[in-house]
Structures are given as structure tokens and as C-alpha cells.
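Please look at the sequence and the model together before reading on.

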Amino acid sequence: MTYLHNIGAYFLMIREMFRKPTKWSVMRQLIFNDVNDLIIGSLGIIAFISFFVGGVITIQTALNIESPLIPKYLVGFATRQSIILEFAPTFTSIIMAGKVGSFITSSIGSMRVTEQIDALEVMGINALNYLVFPKTVALMLYPFAIAIGMFLGILGGMAACVFGGYSTLADYTTGIQTDFESFHVIYAFIKTFVFAFILATIPSFHGFYMKGGALEVGKASTTAFVWTSVVIILLNYILTGVMLG
């Protein structure tokens with residue numbers, strides 16, 4: 001029953017988030033602040049992880065191709081498919097659930113503990129619109145960060161392939177271009193938009209409705225990370241079955 005209650009409260013929160021909007025002059029600054037905190041502040045870790053994971057994918061693929069009958073360009077092909085279809089949109093989002101999700105939960109939860117949310121509501125401000133809506137809008141730029149992750153992942157694979165001597169640059173480039181389907185990129189960005197909405201709302205839900213003190217803020221951040229990751233994995237399965245099945 002607790003799970004059903006939380007699911008219902010989550011959807012009610014989303015509905016309430018769009019009611020009684022905050023003045024645009026105030027909302028605009030809130031959105032810019034959240035873009036800086038959630039998107040720009042995450043570019044470094046996304047770039048670092050994408051580059052080296054792309055290299056790891058390339059090395060593992062090359063080492064598992066032992067037969068001389070298998071063309072070397074498949075290393076680039078496998079790297080491209082792995083990064084675009086799964087790593088960049090899905091696994092990066094799970095990592096961001098720890099970084100961005102914990103930040104959102106702890107920041108809103110701290111406002112709940114220090115009664116700042118109560119003060120907003122006393123002043124007649126829709127606290128959900130004021131706190132959650134800017135984060136949701138800011139994370140709609142999340143596909144931009146994922147696009148950078150895709151590029152750097154493929155670039156990292158290229159660096160590992162060439163400098164590690166696993167294949168030539170020409171073979172790797174041929175693999176990247178082989179049987180490319182633009183719909184795979186569209187599929188990845190659609191998933192990314194859905195995951196961005198989850199990254200904004202589930203951590204906000206756990207931070208906004210938490211009860212207790214500073215210790216409970218940490219517990220709420222952990223719970224938000226777990227449930228955000230679970231929902232992302234489930235939606236990844238559903239979206240993949242619907243769009244690629």
C-alpha cells in the first residue's frame with residue numbers, strides 16, 4: 001500500500017507542479033541557475049566517463065575478435081552501436097541519478113528541514129512549481145550533454161583502437177559508418193528526454209515530501225537514487241521493446 005500511495009502522490013505532484021505558475025521574471029533566473037547546476041556542472045563527469053568507457057568497449061571488442069575471418073571494422077561498428085544505443089542514454093543517466101538526483105533531493109530536502117518550503121507556501125507561492133518546474137525545464141537540455149557523451153565515447157574508442165594497435169584508423173572509421181541508421185540516434189534522444197523527466201521529478205518527490213531532520217535528508221537521497229535507477233531501467237526496457245522491437 002505504501003508503494004501505491006507514493007505512486008499516486010508522485011502523479012499528483014506532477015499535476016500540481018503546473019498549477020499557479022511563478023512569474024516568468026523569477027522563473028527564468030531559476031531555470032538558468034538549474035541549467036548551470038544540473039547540466040553544465042555535469043559535463044565534466046559525463047565527458048570523462050564517456051571517453052574512457054568508449055575506450056574500454058573498443059578494447060574488449062577487439063580482444064574478443066580472434067578469428068581472421070571477422071573484419072576489423074566491426075570494432076568501430078560495435079563501439080558505435082554500444083555507445084549510441086545503451087551507454088550514452090541509459091548508463092550515463094543511471095550515473096547522473098547519483099550525481100544530479102542526490103543534489104536535487106538534498107537541496108529540496110534541506111529546504112523542507114529548514115522550513116523554507118513552508119515559508120514559500122505561507123507567502124502564497126506554489127512551492128512545487130517554484131522548486132521542481134525549473135529543474136524539469138533545465139533537464140530538457142540533458143540530451144545536449146548526452147550528445148557530447150556519444151561523441152567523446154566514439155572518440156575515446158578511436159584513441160584506444162589506434163594507440164593500442166587493435167585496428168587501424170581507416171578500419172575504425174569504416175566501422176562507424178557501416179550500416180548507420182539515423183533512427184537509432186532519434187531513439188537514443190527520445191529515451192534521454194524521458195530519463196531527464198525522471199531525473200528531475202523522482203528526486204524532487206523524495207526531497208519535497210521527506211520528513212525528519214538532517215539524517216533523513218541523506219536517507220531520502222539514497223532512496224531517490226535507488227528508485228530513479230529502477231524506473232530508468234524499467235522504462236529503458238519498455239521503450240526499447242516499443243521502438244526497436
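The sections below treat the overall fold, the annotated spans, the helix packing and the pockets.

## Basis of the report

The model is predicted, so local features need pLDDT of at least 70 and side-chain atom pairs count only at pLDDT 80 or more, while totals for chains, interfaces and linings use all residues. Residues are numbered from 1 along each chain as its sequence is written, and side-chain values use heavy atoms, with hydrogens and water left out.

## Overall fold

The chain contains 10 helices and 0 strands. Helices (H or I, at least four residues) and strands (E, at least two) are DSSP runs, numbered from the N terminus. Read from the N terminus, the order of elements is α-α-α-α-α-α-α-α-α-α. The C-alpha trace spans about 70 × 40 × 35 Å along its principal axes.

## Annotated spans

An unreviewed UniProt entry lists residues 38-63, 83-104, 140-164, 185-205 and 225-244 under "transmembrane region". UniProt positions are given here in the numbering of this report, feature names are shortened, and annotations may be inferred rather than shown by experiment.

In the model, residues 83-104 are 100% helix and 0% strand, with end C-alpha atoms 27 Å apart. Residues 185-205 are likewise 100% helix and 0% strand, and the end C-alpha atoms of that span lie 30 Å apart.

## Helix packing

Two packed helices are described by the angle between their axes and the distance between the axes. Axes are lines fitted to C-alpha atoms, for helices over the stretch in contact, and angles run from 0 to 180 degrees between N-to-C directions. Angles under 35 degrees count as roughly parallel, over 145 as roughly antiparallel, 65 to 115 as roughly perpendicular and the rest as oblique. A crossing is left-handed if the near helix is turned anticlockwise from the far one by less than a right angle, and right-handed if clockwise.

The axes of helix 4 (residues 74-113) and helix 10 (residues 214-244) come within 8 Å and cross at roughly 150°; the two helices are therefore roughly antiparallel. Their contact has 12 nonpolar, 13 polar and 1 charged residues. In these classes, Ala, Val, Leu, Ile, Met, Phe, Trp, Tyr, Cys and Pro count as nonpolar, Asp, Glu, Lys and Arg as charged, and the others, Gly among them, as polar. Helix 4 also meets helix 8 (residues 169-177), with axes that come within 6 Å and cross at roughly 45°, which makes helix 4 oblique to helix 8. The crossing of helix 4 and helix 8 is right-handed.

## Pockets

A pocket is an open set of points on a 1 Å grid over the protein atoms alone, where a 1.4 Å probe fits, with protein on both sides within 12 Å along at least five of seven lines; lining residues have an atom within 4 Å of a point. Grid points are joined across faces, edges and corners, and a volume is the space filled by probe spheres set on the points.

The largest pocket holds about 510 Å³ of space. It has 14 lining residues, of which Y3, N6, I7, H206 and W227 are the closest to its centre. Helix 1 gives the largest share of this lining, 6 residues. By class, the lining of the largest pocket has 10 nonpolar, 4 polar and no charged residues.

The second largest pocket has a volume of about 230 Å³. Its lining includes H5, N6, H206, K211, E216 and K219, and helix 10 gives the largest share, 4 residues. By class, the lining of the second largest pocket has 5 nonpolar, 4 polar and 3 charged residues.
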